[in-house]
Amino acid sequence: SPLSGYGEMGNVFGGFGVGAGGWYYLENQMAIITSRPLIEKTLDELDFNVSFYNVGRVITNESYKNAPFELVWDKNHNQLAGIEFMIEVLPGNEIKLKAEADAATIYNYAEGKVKGTQFGIQIDQTLKPGVKAEGENYSFTILLKENFKPNENVNYKFVFNTRDNLVNKYKNRISISKENDESSVLTLTVRDFNALKAEDFLNQHMEVYLRDNLEKKYRMADRTI
């Protein structure tokens with residue numbers, strides 16, 4: 001069910017038809033819905049691998065789906081995860097790219113594996129949009145979108161997220177509860193700083209859960225036959 005608003009809750013289940021043994025079934029489904037394997041399946045179907053931010057003089061906000069730039073990156077190439085790549089758009093639309101960290105995780109998305117750690121990171125490049133930025137453990141191209149407008153008060157940054165970090169984050173942000181002790185209706189909640197991102201996660205998570213349940217029923221029917 002579509003949700004909106006910051007961290008908003010919503011009833012996303014109808015009655016489970018609680019009868020004999022129903023409460024055990026209900027508790028079991030609550031555990032499945034908030035389980036790590038189901039969250040992993042959901043995140044595998046969402047494009048949350050890179051987080052984008054607007055960096056103002058006072059506040060930094062995540063820019064989900066409306067960042068004024070696009071990142072084209074190579075999933076087969078190692079990437080530096082967990083560090084901030086800072087972007088400043090210079091006059092003439094040249095891009096100043098900077099990253100500085102004592103250490104960063106080397107992650108390969110094609111393999112879904114941490115490949116090691118890189119220490120002493122110092123990246124300072126000026127490049128044009130569409131020109132690849134590449135090093136031993138990073139490879140991507142920054143493109144400015146049509147809606148990009150120069151703003152001297154705002155810069156940008158992006159961060160590569162490892163799969164484990166994403167799963168852990170949403171495992172901590174998701175919760176489920178019954179409306180009351182007698183109810184068979186569940187309320188699923190996700191807390192996120194970006195309401196649209198939380199909404200997309202909830203909707204996709206419900207789709208994955210329903211699909212997973214349907215596949216289990218098909219497998220049980222096949223075994224019965």
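Helix H2 (36–44) and helix H3 (163–173) each contribute at least two residues to the lining of the second largest pocket. The model described here is predicted, and its chain has a mean pLDDT of 85.

**Second largest pocket**
- The space in the second largest pocket amounts to about 260 Å³.
- Its lining is made up of 13 residues, of which Leu43, Asp44, Asn49, Tyr109 and Arg163 are the closest to the pocket centre.

**Largest pocket**
- The largest pocket holds about 360 Å³ of space.
- It is lined by 18 residues, and those closest to its centre are Asp47, Val50, Phe52, Tyr64 and Lys65.
- Strand E2 (50–55) and strand E4 (69–73) are the elements that give two or more residues to this lining.
- E4 provides the largest share of the lining of the largest pocket, with four residues.
- Nine nonpolar, three polar and six charged residues form the lining of the largest pocket.

**Confidence of the prediction**
- A pLDDT of 70 or more is reached by 87% of the residues in the chain.
- Among the elements, strand E5 (residues 79–81) has the highest mean pLDDT, 97, whereas strand E1 (residues 10–11) has the lowest, 42.
- Residues 1–20 have a pLDDT below 50, and this stretch makes 51 contacts in the model beyond near neighbours in sequence.

Technical notes
Residues are numbered from 1 along each chain as its sequence is written. This is a predicted model: local features need pLDDT of at least 70, side-chain atom pairs count only at pLDDT 80 or more; totals for chains, interfaces and linings use all residues. Side-chain values use heavy atoms; hydrogens and water are left out. pLDDT is the predictor's confidence in each residue, from 0 to 100. Contact means heavy atoms within 4.5 Å. On a 1 Å grid over the protein atoms alone, a cavity is a set of points where a 1.4 Å probe fits but cannot get out, and a pocket is an open set with protein on both sides within 12 Å along at least five of seven lines; lining residues have an atom within 4 Å of a point. Grid points are joined across faces, edges and corners, and a volume is the space filled by probe spheres set on the points. Ala, Val, Leu, Ile, Met, Phe, Trp, Tyr, Cys and Pro count as nonpolar, Asp, Glu, Lys and Arg as charged, and the others, Gly among them, as polar.
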